[in-house]
Amino acid sequence: MKDTTEPVRTGQDGTAPTQSPFDETGRMKLADLVLEDYRLIPVLERMGIGLGFGEKRVSEACAESGIPVSLFMLICSVHSREGYIPDAACLKSTDISGIVDYLHQSHEYFRTRQIPSMAARLDIIGRSCDPLYGKMLHKFFEGYRTELENHFEYEENEVFPYIKGLLEGHRVKGYSIARFEENHTNIEEKLNDLKNILLKYLPASCCPGERPDLLYDIFRLEEDLARHTTIENLVLIPLVSQLEKTVE
């Protein structure tokens with residue numbers, strides 16, 4: 001098969017790549033990595049690395065979990081550094097199937113952990129308020145949950161099987177990753193209405209103890225989804241675009 005690989009674009013606006021905030025060799029102790037940025041705790045879970053890893057280095061933990069160190073460090077860098085853009089060499093060595101698996105595990109984490117936890121807090125707040133406010137909160141949240149589920153289902157049922165087909169050497173006619181890119185929505189933006197209701201419009205007497213916790217969860221989810229979108233836009237799409245050129 002002819003190699004048609006070209007330099008992988010990193011930023012859609014031509015932005016230069018940025019350096020990873022971590023030692024990319026994997027020599028750093030995994031505990032030190034997490035202590036440096038606690039937001040990586042759910043990343044470990046999604047990659048199948050449980051807590052209780054003692055003094056293991058990143059390379060050791062990755063080897064035990066069957067994860068390439070380069071893939072692990074790429075994902076950690078995206079989550080830890082605002083505006084991080086991997087360079088072409090980093091992308092070229094990235095395992096596409098590993099990226100797809102990480103995105104799939106992220107979907108499951110959002111569906112089964114973050115969203116249900118937020119729903120439980122919102123239910124407590126809704127029951128403590130005037131029914132009018134409770135219904136309004138429920139309407140906005142369930143609308144967002146539905147949109148999020150639709151977004152994930154499209155990726156799980158259309159995009160990921162398409163990519164797996166490419167990796168196996170066959171391509172679905174009439175589809176390309178460009179279609180996904182054109183229709184890719186920033187789902188985290190839809191959380192703004194819910195944040196504004198909790199910040200501005202819900203009476204101060206309405207569950208003041210639970211509201212800050214729910215707001216924190218929303219901001220955390222919003223940031224997590226933004227990093228999720230970054231991985232799709234700056235890692236997955238460019239890699240699949242290059243892969244398409246090698247598959248008839």
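Which residue does a disulfide join to Cys129? The partner is Cys206, with the two sulfurs 1.3 Å apart. A disulfide here is a pair of cysteine sulfur atoms within 2.5 Å, and a search of the whole structure turns up 1 of them. The pair ties together distant parts of the chain, 77 residues apart: Cys129 sits in the loop between α6 (96–128) and α7, while Cys206 sits in the loop between α9 (192–201) and α10 (211–244). Both Cys129 and Cys206 are buried, where buried means under 20% relative accessible area, exposed means over 50%, and partly exposed is in between (1.4 Å probe, protein chains only).

Before going further, a word on what you're looking at. This is a predicted model, with local features needing pLDDT of at least 70 and side-chain atom pairs counted only at pLDDT 80 or more, while totals for chains, interfaces and linings use all residues. Residues are numbered from 1 along each chain as its sequence is written, and side-chain values use heavy atoms, leaving out hydrogens and water.

The chain averages 86, and 89% of the residues score at least 70. Among the regions to treat with care are residues 1–13, where pLDDT stays under 50. Where pLDDT is low, the predicted coordinates should not be read in detail.

Now for the overall build. The chain has 10 helices and 0 strands; helices (H or I, at least four residues) and strands (E, at least two) are DSSP runs, numbered from the N terminus. Of its 248 residues, 46% count as buried. Take the contacts in the chain with a separation of 6 or more: 79% of them are between residues 24 or more positions apart. Contact means heavy atoms within 4.5 Å.

Let's walk along helix α7, residues 131–167. The expected span of a helix is 1.5 Å times one less than its number of residues. With 37 residues, α7 should therefore span 54 Å, and its end C-alpha atoms are 52 Å apart, which agrees. Along the way, α7 bends by about 35° at Glu156, the bend being the angle between axes fitted to the seven residues ending there and the seven starting there. Further on in α7 comes Lys164, which is partly exposed at a relative accessible area of 48%. The C-alpha atom of Lys164 is 7.4 Å from that of Ser97, although the two residues are 67 apart along the chain. Just after α7, Gly169 takes a positive phi of about 95°.

Another stop is helix α4 (residues 69–80), which holds Ser80. Ser80 is buried, with a relative accessible area of 16%, and its side chain makes a polar contact of 2.8 Å with the side chain of Asp37. A polar contact is a pair of N or O atoms within 3.5 Å; within protein, one must be able to donate a hydrogen and the other to accept it, and residues adjacent in sequence count only if both atoms are side-chain atoms.

Finally, back to the cysteines. Cys76 is buried, at a relative accessible area of 0%.

Note on methods
pLDDT = per-residue confidence, 0-100.
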